Amino acid sequence: MKQILVISGKGGTGKTILTGAFAALVKNKVMVDCDVDAADLHLLLSPTVKERKDFRSGKTAFIDKNKCAQCRKCIELCRYEAISDDFIVDSIACEGCSFCSHVCPAEAIKMRENESGEWYISDTRFGPLVHARLGIAEENSGKLVSLVRQQAKELAEKQNCEYVIIDGPPGIGCPVIASLSGINCALVVTEPTLSGLHDAKRVIEVAQHFKVPVQLIINKYTLSLDMTKQIEDYCKEINIPVAGKIPFDRTIVEAMVEGKTVIENSNGNIKEIIKNIWSNMRKGDI
Ligand code: SF4
Ligand code: SF4
């Protein structure tokens, strides 16, 4: 079983459109949405949730007013000023350090696990999808990414799937690092702009640091043939294959608006290009 990760140095490069296209194209796989802060693969795959589980992470202090002796020690010692004068903990300000629970002479403070989000196993018209939702202002997205990936891997093994195809988080932060472990190929999607090249370079460096094989896709390449050439030259220089280039095409946008993948709802040329991208990527020992 091979794990393919689609990533980009920043959001909005067409990463999810490409992942959705692979969902329609590739048989015998489990799809995963690891962009847990702003999940959107479900908009293209219209999943039916079969299993729903809570994601718990981090802790928040809770004061039992029946036990509290109102000595104010916790208020004075909390360096995040998370405890109010009427002995209530502000769950946003509390960093979960547990210090107050250790200094409270009345043992009135308990640490409670946060319900930080949910994760799901769903059915879609293209097979199973494992995805998640992180609560507003919640942290630990890297931990949720690892959890979702582990669930997808177990499901793929159980169903004897050939691939796990992952819509990765944008950027180069903790969730991206959590997405990269054990990946057979990271497909970096970029656009032909200076910032696109800059962001692609950063994410390629992160992937290479973790020794993950990288290939690159240039989306909307017809918008700047000069920048496309610069990106191709850069890839040649660092020995990264360009698995394909996708032109700007209105039918891609139209498919997205209709909640369809580009394999279902775009012109034949785009479908052929995506098929070639998949087969080029597999030539790279995937
Ligand atoms: S340290 Fe304990 S007893 Fe003192 S005010 Fe805080 S919760 Fe109440
Ligand atoms: S757990 Fe830490 S941050 Fe939260 S209220 Fe207690 S001392 Fe403050």
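I start with strand β8: six of its six residues are buried, so β8 is largely enclosed by the rest of the structure. Buried means that 20 or more other C-beta atoms lie within 10 Å of a residue's own, exposed means 12 or fewer, partly exposed is in between, and C-beta atoms are placed from the backbone. Strands here are DSSP runs of E with at least two residues, helices are runs of H or I with at least four, and both are numbered from the N terminus.

Before going on, a word on the source. This is a predicted model, in which local features need pLDDT of at least 70 and side-chain atom pairs count only at pLDDT 80 or more, while totals for chains, interfaces and linings use all residues. Residues are numbered from 1 along each chain as its sequence is written, and chains are lettered from A and ligands numbered from 1 in the order in which they are written.

Back to β8. Strand β8 pairs with β7 in the parallel sense, over five bridges; two strands pair if DSSP finds at least two bridges between them. Within that pair, Q215 of β8 has L187 opposite.

Now the sheet as a whole. It is open, has nine strands with mixed pairing, and runs in the order β3-β4-β5-β2-β6-β1-β7-β8-β9. The edges are β3 (48-63) and β9 (242-246); each has a single partner strand, so one side of each has no neighbour in the sheet. On average, neighbouring strands are turned by 20° against each other, direction ignored. Axes are lines fitted to C-alpha atoms, for helices over the stretch in contact, and angles run from 0 to 180 degrees between N-to-C directions.

Elsewhere in the sheet, β4 (residues 109-124) and β5 (residues 127-134) run antiparallel and are joined by eight bridges. One of the residues involved is I121, whose bridge partner in β5 is V130.

Two helices go with the sheet. Helix α5 packs on it, touching β2, β3, β4, β5 and β6, and its direction makes about 165° with that of β5. Helix α1 (residues 15-25) lies across β1, β2, β6, β7 and β8, and runs at about 170° to β6. How much of α1 is covered? Nine of its eleven residues are buried, among them K15, L18 and F22.

Next, two residues that touch each other. S141 is in helix α5, which spans residues 141-158, and S141 counts as buried because it has 24 C-beta neighbours inside 10 Å. Leaving aside neighbours within four places in sequence, S141 is in contact with V36, D37, L134, C174 and P175. Contact means that the C-beta atoms of two residues, placed from the backbone, lie within 7 Å. V36 lies in the loop between β2 and α2 (41-45), and is buried too, with 26 other C-beta atoms within 10 Å. Beyond four places in sequence, the contacts of V36 include A132, L134, S141 and L144.

E107 is not a glycine, yet has a positive phi of about 50°. E107 sits in the loop between α4 (99-103) and β4 and is exposed, with 11 other C-beta atoms within 10 Å. N160, also not a glycine, has a positive phi of about 55°. N160 is in the loop between α5 and β6 and counts as exposed, with 8 C-beta neighbours inside 10 Å.

On to the ligands. Ligand 1 is surrounded by 14 residues, with C68, C71, C74, C104 and A106 the closest; a residue is near a molecule if its C-beta atom, placed from the backbone, lies within 6 Å of it. Its shell has eleven nonpolar residues, one polar and two charged. Ala, Val, Leu, Ile, Met, Phe, Trp, Tyr, Cys and Pro count as nonpolar, Asp, Glu, Lys and Arg as charged, and the others, Gly among them, as polar. Around ligand 2 there are 13 residues, of which A61, C78, C94, C97 and C100 come nearest.

Last, the overall layout. Domain 1 covers 2-46 + 125-283 and domain 2 covers 57-115; these bounds come from an automatic or database domain assignment. The C-alpha centres of the two domains lie 42 Å apart. Of the 286 residues in the protein, 42% are buried.
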